[in-house]
Amino acid sequence: MQADQKKALYEEATKELVSITEGETNVTALMATVSCILSEKFDYYFWTGFYVVDPKKENELVVGPYQGTLGCLRIPIGRGVCGTAAATRETQLVEDVHAFPGHIACDSRSNSEIVVPVVDADGRLIAVLDVDSVEHGSFDEIDRVELETLMQRIFAQ
């Protein structure tokens, strides 16, 4: 997909999501809506969803709202792509997940991934947004910037 097409799709998705979620405070509803819109908008998104910081086990992420095949139920913070994003609070953009140290294969068809930390208005990590693709190298700086900006607009209000 060309950069201008990708940016245009993100612009559409952001407008839709901001409009739909305006005033909504329920985090589960927000995550479900974000997962749905992004999954429908982007053909190269194979799995789109959230892993939420478990309030009872703060060293683990537990699967939240998502679109796609069965996800892992739990991921230790610090392990795999999602756990690394949670531990470092930095977006992980991975061209080949099979080359990522400690990668957790929830679905072996996934080949590339982007994971964006999600923080609330108080700056607390509440989840990570995880997007997988069956193609290698599906995600780039456009995805990183757009998804980071979107997570901030939706969840850090």
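**Helix packing and sheet architecture**

In helix H1, the residues Leu9, Glu12, Ala13, Glu16, Leu17, Ile20 and Thr21 are in contact (heavy atoms within 4.5 Å) with Leu30, Thr33, Val34, Ile37, Leu38 and Lys41 of helix H2. Eight of the residues in this contact of H1 with H2 are nonpolar, two are polar and three are charged. The structure is a predicted model, in which local features need pLDDT of at least 70 and side-chain atom pairs count only at pLDDT 80 or more, whereas totals for chains, interfaces and linings use all residues. Residues are numbered from 1 along each chain as its sequence is written, and side-chain values use heavy atoms, with hydrogens and water left out.

H1 (residues 3-21) and H2 (residues 27-41) pack with their axes 10 Å apart and at an angle of about 155°, where axes are lines fitted to C-alpha atoms, for helices over the stretch in contact, and angles run from 0 to 180 degrees between N-to-C directions. The two helices are therefore roughly antiparallel to each other, a term applied to angles over 145 degrees.

Strand S1 (residues 47-53) runs antiparallel to strand S6 (residues 125-133) and is joined to S6 by six bridges; Thr48 has Val131 in S6 as its bridge partner.

Definitions and conventions: Helix = DSSP H or I, 4+ residues; strand = E, 2+ residues; numbered from the N terminus. Parallel < 35°, antiparallel > 145°, perpendicular 65-115°, else oblique. Nonpolar A, V, L, I, M, F, W, Y, C, P; charged D, E, K, R; others polar. Pairing = 2+ DSSP bridges.
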